[in-house]
Amino acid sequence: MNKILFSIFILLSLSFLMSCNEEVSTPDFKFAVSGKAIYNNNPLAGAEVSLNKTLNYSTTTDSEGNFEITEVPGGNYNLTISKNFPDGNFTEINEDIAVTDNLNLSELKLPKAVLLYPISDITSSSIELKWSQTDASDFREYKIYRHITPGLDETTGTLIYVATSIIDTSFVDTDLFESTTYYYRIYVMNDFGRLGGSNINSAKTLFKNLIKNGDFELFNSSNEPMDWLLENDVWFVSNQNYQSGSYGLRGERNSYLVELGPGASLRQFISYPSIVPGKQYTFSYNYYSEDLAGNSTLKVAVGTGVQSDYDIYYYFIEAPNSNGWETKSFTFTAPVLTQDLVVSCYVQVNIPYSNEPWLVWLDNFELKRTE
């Protein structure tokens, strides 16, 4: 009897083991993942679609924005849809999905790609960026990156600004080096990652103006311009007349005056190490001779101070200019300097002396390297 029971036990055990082996060897099921990509309320053709960013499970949307990935084993995946545009910007979405059966994701909306506009507002130390607004419903922030080569992305660039408002679409990058090319790109983010990126734009900062306060916008409590040396009580900053900005420099004398020698009235010294020998520089300024009668002459000069204060440039203004503000510009090759450059302005009364009053205006003095 015991042998019979033992035999039955053996048979039941073998039957159980065989049934277990049959369940383990059952082949895995494969499914299809499909959907439709939408951009700007229209089907998005030519978008790249992938699961876990693997080549085996990837495809491209057709002309109607439809896609299908087949032979997908059951499991959890990250679905990525991205589209690069001719301008160099792109849009993308990432969604976690669970595949347990054939899965149709219907319409998947991609956010509007950001376009970084051409850069036009540039100084010697700043660049202003402006870009288009995204329409991402899950927007979190814009991230602005900068680099000194066009190979710019989130890993090579320097993060310089984060805007958390979807309507904040401008930024001024400051404290930059003069005559340097900078590259910029903007990325759009949500709480889980990247929603797209802008095109790459670049701009080169200008050479700085070596004349300080050349626009006369800075002045003390006596309305005397900062950074300039005044040796006669005739020059004052005023908002009554100017070429640009909010102020101009007013020079006036209502009684007899003889001013002798260059720089006797208004001047500024420019440190000679800042001038590179052999390079081209342009000196420019605006003037308005409102009243310059008799033998009075307005002289504007640039000199090395070695031979004279006007051996590089000088210009005489001997009569009122009826056309209002005028511009003067002069380009020269910088000599080898051993002492500071001098920019000077003064009104000189020539022989025979007269007692005529004069009134002149100056603005926008610049000395910039051009190459």
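The model is predicted.

The protein chain holds one helix and 25 strands. It counts 371 residues, of which 40% are buried. Its accessible surface is about 19,900 Å². Carbon and sulfur atoms supply 49% of that surface. Among contacts in the protein chain with a separation of 6 or more, 67% join residues 24 or more positions apart.

Charged side chains were examined next. Side chains of opposite charge can pair when their charged atoms come close. Five salt bridges are found in the whole structure. One of them joins R194 and E92, with N to O at 3.0 Å. This pair links distant parts of the chain. R194 belongs to strand β14 (residues 194-197), whereas E92 belongs to strand β7 (residues 90-99). The two residues are 102 residues apart. E92 is buried because its relative accessible area is 7%, under the 20% limit. R194 has a relative accessibility of 27% and therefore counts as partly exposed.

R194 also meets E154 in a salt bridge, again with an N to O distance of 3.0 Å. E154 sits in the loop between β10 and β11 (158-163), and R194 in strand β14, so this bridge ties together parts that are 40 residues apart in sequence. E154 is at 30% relative accessibility and so counts as partly exposed.

Another salt bridge pairs the side chains of E366 and K368, at 3.8 Å from N to O. E366 is partly exposed, with a relative accessible area of 30%. K368 is partly exposed too, at 23% relative accessibility.

A pair of aromatic rings is described by the distance of the centres and the angle of the planes. The whole structure contains 23 aromatic pairs. In one of them, the ring centres of Y145 and Y187 are 5.7 Å apart. Their planes stand at 80°, so the pair is edge-to-face. Y145 is in strand β10 (residues 141-147) and Y187 in strand β13 (residues 181-189), so the pair ties together parts 42 residues apart in sequence. Both Y145 and Y187 are buried.

F219 and Y247 make a further edge-to-face pair. Their centres are 4.9 Å apart, with 65° between the planes. Here loops are joined. F219 lies in the loop between β15 (201-204) and β16 (229-230), and Y247 in the loop between β17 (235-238) and β18 (248-253). The pair links distant parts of the chain, 28 residues apart. F219 counts as partly exposed, at 28% relative accessibility. Y247 is also partly exposed, with a relative accessible area of 25%.

Aromatic residues also gather in a group. One aromatic cluster is formed by F216, W228, Y281, F283, Y285, Y287, Y313, Y315, F330, F332 and F365.

Finally, the surface was considered. Y310, Y314 and F316 make a nonpolar surface patch of about 290 Å². F316 lies in strand β22 (residues 313-317). Its relative accessibility is 36%, so F316 counts as partly exposed. Y314, a member of this patch, has K299 over the face of its ring. K299 lies at 5.2 Å from the ring centre.

Technical notes:
Residues numbered from 1 in each chain as written. Predicted model: local features only at pLDDT ≥ 70, side-chain atom pairs only at ≥ 80, totals over all residues. Heavy atoms only, no water. Patch = residues over 30% accessible without salt bridge, like charges linked within 9 Å, V, L, I, M, F, W, Y side chains within 5 Å. Areas by Shrake-Rupley, 256 points an atom, 1.4 Å probe, with all protein chains shown as cover. Salt bridge = Lys/Arg side-chain N within 4 Å of Asp/Glu carboxyl O. Helix = DSSP H or I, 4+ residues; strand = E, 2+ residues; numbered from the N terminus. Buried < 20%, exposed > 50% of the residue type's maximum accessible area, 1.4 Å probe, protein only. Phe/Tyr/Trp six-rings, centres within 6.5 Å; stacked < 30°, edge-to-face > 60°. Lys NZ or Arg CZ within 6 Å of the ring centre and 35° of its normal. Contact = heavy atoms within 4.5 Å.
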